[in-house]
Amino acid sequence: MEEGAADLRQRRKQNCTESDKMAPEERNKENSKLGRSPKYLLIQRFAKLFFGCLAAVTSGMMYAVYLSTYHERKFWFSSRQELEREITFQGDSAIYYSFYKELLKAPSFERGVYELTHNNKTISLKTINAVQQMTLYPELIASVLYQASGSEEVIEPVYFYIGIVFGLQGIYVTALFVTSWVMSGTWLAGMLTVAWFIINRTDTTRIDYSIPSRENWALPYFACQVAALTGYLKKNLNCSAEKFCYLLVSASTYTFMMMWEYSHYLLFVQAVSLFLLDSFALAQTEKVHEVYKIYLFSLLLGYLLQFENSALLVSPLLSLVAALMLSKCLQMNMKKGTFLSRLLKIMYIYLVLTITLTLNFLLKMFVPHKENEHLLKFLEVKLGLNTTKNFTMNWLLCQESLQAPSQDFFLRLTQSSLLPFYILVLIICLFSVTQVIFRRICGEPLKETVKLEDGRIGERPEIVYHVIHTILLGSLAMCLEGMKYLWTPYVCMLAAFGVCSPELWMTLFKWLRLKAVHPILLALILSMAVPTIIGFSLWKEFFPRIMSELSEIQEFYDPDTVELMTWIKRQAPVAAVFAGSPQLMGVIKLCTGWMVSSLPIYNDDDLLKRNENIYQIYSKRSAEDIYKILTSYKANFLIIEDSICNEVGPVRGCRVKDLLDIANGHVVCEEGDSYAYSKYGRFCHEIKMNYSPYVNYFTRVYWNRSYFVYRINTVISFQS
């Protein structure tokens, strides 16, 4: 095995040196044919690279400035007080930013990290490792940068925080630009990618709704990894470029894994794409297996630095990569030409799948894990393999991001002309890849260099990878609308690459067998003309809309929530514990710093159970039951939200009170209709009536149009 690995390394070095030697010779021959000097070509290439990089960086910076301007116009951040700014962070976003605030308030960074890893001041009766449980590495980095850069006297913490996120979105767009540029050979494709990305911003990013969400921190690094991987998979790459791409893939893969707890699932989809690419012998096996090693290293380092995160050990990514490495070892140790080696080649895919499933099953047996069990239960119910009355599962199923995508989604992509061109490009690439696979099965080798006149775009490994990857992501997006934020950016990139690539048009003309016009000339003309026409039409239709978004005066103001937070800070005892919906508790924790009984965290079984129990304040249960639940979590104050209590949802059966009635068995079906029935009235309604027994357990201390605050009595008074 060591000899085989040594041969592999030696072969790789030889390939690098050969390609480095061959490249200048080939270029000199081409230059002599065209009558160009090497100096002229060098200037031309430098100018192309310079203006392309300038366009990529400018696009990213302009997008970041656009986001910042839009955010200012939407929330009027600069004219708000600190409390009003913080209220704009809703749900889990509020929790992430609250921990960033705590880090800045700590006497030292080390003390701040210790308090987060041993946090007992956020959730009553519970000590959590907030860094591990909520993946707070972005907040750790932001706080270090803020203090180390001496920004305390220059910029407010909130502006610094959202500025980093907007900057990362700029890097995201730049990485997509570079990816389409590398694939097509023209930075015109990058410009079109950015245009489509911004126009379809509703479906490409969640930055408008949740700035601190983990994917907004993580996906820019994944985009950088994909850009580097695209370059790394290219044929005839010189050694220095290959090493640069390899290092960038390594760094961005590990960073991506540290930024988002679900990153290993997305990397698993990418690993499956590379596995299929390698199985059909459409890429250099050595390069693909180097990427597998990067996965292994990132998983190991992530496990150690994420407080021995067992979710990484039982992840399908680890099982798949281990199976692929093991299968590779078996192939290397098998004598070539023997019956067993041929059988192993035929059964390769089946062997890898079998080993992957076996390893994953064994790891789950021996490694204690609880982190992502609720995801498996959710998938069972989502796929119709199981039914449940569980409140949490049904609540997740009702979330818009976990529904199938609506028709409006496809309509928006079609109106921007993105979907039609994506389908066209995908069909051409898919047919070309199918032809290449058929040739490989027939024993025809791949060409070392694919020329424009060949019309074989399916022989380029980076193109095949993106085709497989976008199909896999698209399949997931068709099931869950939330996955569109992973798929649509790469739809923009692939569609832009296709219409700007002469090779794609040449592949199409080869099939059509054009004779009237020279196909190469027509391919070059169309690769410039089509994106130019698309660009002008997008500019004419969508540029005025984008400008109107920036000039339109919007106002986000929630006076009821501001009044509630002000009352809590002025009137509530410092040691008070508040109970209510998890989303509101996140805002209370951020704006006041008071302890709460639950949080919008969905990767912990105990917190999920807490959320379900506290949501019972909107169910049809007795005052005594609710009192026992709240006092079991040491809550002192209860907050009823009128928007949940009197919710009139568009989908009946998905309102919080409907889901609670189903879970509690308070639903009666008669003649096809369902009715909620219980001997008790709905608690959130009954408590407002101020009669016994509710007044015995709870005393109203504050209310406004949206919120009713009750003190939970420690001494129960049974008065009529």
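Author: Helices (H or I, at least four residues) and strands (E, at least two) are DSSP runs, numbered from the N terminus. This is a predicted model, in which local features need pLDDT of at least 70 and side-chain atom pairs count only at pLDDT 80 or more, while totals for chains, interfaces and linings use all residues. Residues are numbered from 1 along each chain as its sequence is written, and side-chain values use heavy atoms, leaving out hydrogens and water.

Reader: What makes the nonpolar surface patch?

Author: Phe-46, Phe-50, Phe-51, Leu-54, Trp-187 and Met-191 make it, over about 610 Å². Helix 2 (38-75) and helix 9 (187-199) each give two or more residues, and the largest share, four residues, comes from helix 2. Nonpolar side chains (Val, Leu, Ile, Met, Phe, Trp, Tyr) are joined within 5 Å, like charges within 9 Å. Areas come from the Shrake-Rupley method with a 1.4 Å probe, and for residues only the protein chains shown count as cover.

Reader: Why is Leu-54 called partly exposed?

Author: Buried means under 20% relative accessible area, exposed over 50%, and partly exposed in between (1.4 Å probe, protein chains only). Leu-54, in helix 2, has 43% and therefore counts as partly exposed.

Reader: How do you know that strand 6 and strand 7 pair?

Author: Pairing requires that DSSP finds at least two bridges between two strands. Strand 6 (residues 698-703) and strand 7 have five, in the antiparallel sense, so they pair. Arg-700 stands opposite Tyr-710, and a hairpin of three residues joins the strands.

Definitions and conventions. Patches are made of residues with over 30% relative accessible area and no salt bridge: like charges are joined within 9 Å, nonpolar side chains (Val, Leu, Ile, Met, Phe, Trp, Tyr) within 5 Å. A salt bridge is a side-chain nitrogen of Lys or Arg within 4 Å of a carboxyl oxygen of Asp or Glu.
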